Amino acid sequence: EGTEMDKVAKIVDYVQLMTYDMRNGFTKQSGHHASLGLSKGDTTNTSTRGIAEMFHQAGVPFEKMVVGAAFYGRRFDGVPNVNNGLLQSAETAAMGGGSYGMLTEEFLQAGGFTRYWDEDAEAHYLWNGSSLITYESPEAIRRKCLYVKEKGMLGVMYWEHSCDPTKELLTVMHEILNG
């Protein structure tokens, strides 16, 4: 709002959409920070699809869009044990949830976390009864990249390279976008 994106789109080669940190250090409602879609009941319209459509309706052609992917998570603590932690009022804002490389089986076991898939948001998250960690998994990245191809978008950017030491997420991006 307030930006004439149709005019901007005519003079730039691309528009990078930071479709991550949609829930961040100022957000106390638990939920996904980089999802492709919205969780059932989420009224924020902060999803990759929602943001891309908003920019498209404002005059940015899909072929000039670059969407974002996150190689790290966001963590909410003090979350009520309702709806597996999704869309609940948390005691803390969405602080750093660690790198993708940190989300090992040992980490999950030590924290008592269970991995969940939110079909509506097309995103994984971790829940242990009081803490929720939102992150992008290989499946979420795969679906985001397929969306980029389906819409004819320019590509995907990500933050932050060192957070994917095994290159698992980067490999999925490469295979889908270049395959």
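Modeller: Let's start with the term: a nonpolar core is a set of buried Ala, Val, Leu, Ile, Met, Phe, Trp, Tyr and Cys residues joined through side-chain atoms within 4.5 Å. Buried means under 20% relative accessible area, exposed means over 50%, and partly exposed is in between (1.4 Å probe, protein chains only). This is a predicted model, where local features need pLDDT of at least 70 and side-chain atom pairs count only at pLDDT 80 or more, while totals for chains, interfaces and linings use all residues. Residues are numbered from 1 along each chain as its sequence is written, and side-chain values use heavy atoms, with hydrogens and water left out.

Biologist: Okay, which residues have the most contacts inside the largest nonpolar core?

Modeller: Leu17, Ala52, Met65, Leu126, Ile141, Met153 and Val156, out of 38 residues in that core. At least two residues each come from α1 (5-11), β1 (15-17), α2 (48-57), β2 (65-70), α4 (138-151), β8 (155-159) and α5 (168-178). The top supplier is β2, with five residues. There's also a second, separate core of nine residues, with Phe76, Leu86, Ala90 and Leu132 among them.

Biologist: How do you know whether the radius of gyration agrees with a compact globule?

Modeller: Take it over C-alpha atoms and use the rule of 2.2 Å times the number of residues to the power 0.38. For 179 residues that gives a value near 16 Å, and the chain has 16 Å, so the two agree. Along the principal axes, the C-alpha atoms fill a box of roughly 50 × 35 × 25 Å. As for burial, 47% of the 179 residues count as buried.

Biologist: Why is Met153 called buried?

Modeller: Its relative accessibility is 9%, so Met153 counts as buried. Met153 sits in the loop between α4 and β8. Contact means heavy atoms within 4.5 Å; leaving out residues up to four places away in sequence, Met153 touches Ala52, Phe62, Glu63, Met65, Val67, Tyr147 and Val148. Met153 and Ala52 are 101 residues apart in sequence, but their C-alpha atoms are 9.7 Å apart in space.

Biologist: What does α2 pack its buried residues against?

Modeller: Against β1, β2 and α4. In α2, the buried set is Thr48, Gly50, Ile51 and Ala52. After the helix comes Gly59, with a positive phi near 110°.

Biologist: What makes Ile51 count as buried?

Modeller: A relative accessibility of 13%, so Ile51 passes the test. Beyond its neighbours within four places in sequence, Ile51 contacts Leu17, Thr19, Met22 and Asn45. Its C-alpha is 10.0 Å from that of Gly37, 14 residues away along the chain.

Biologist: And why is Ser47 buried?

Modeller: Ser47 has a relative accessible area of 3%, so the label holds. Ser47 lies in the loop between β1 and α2. Skipping residues up to four places away in sequence, Ser47 touches Met22, Ser35, Leu36, Gly37 and Leu38.

Biologist: Is Lys167 buried or partly exposed?

Modeller: Partly exposed, because its relative accessible area is 41%. Lys167 is in the loop between β8 and α5, with a positive phi of about 65° although it is not a glycine. Glu160 is found in the loop between β8 and α5 too, and a cis peptide bond joins Trp159 and Glu160, with omega about 25°.

Biologist: Where is Glu122, then?

Modeller: In the loop between β5 (114-118) and β6 (123-127). With 13% relative accessible area, Glu122 is buried.

Biologist: What makes a side chain positive or negative in your tally?

Modeller: Lys and Arg are positive, Asp and Glu negative, and His and the chain ends are not counted. Each charge is placed at NZ of Lys, CZ of Arg, CG of Asp or CD of Glu. The chain has 16 positive and 23 negative side chains, with the centres of the two sets 2 Å apart.

Key. Helix = DSSP H or I, 4+ residues; strand = E, 2+ residues; numbered from the N terminus.
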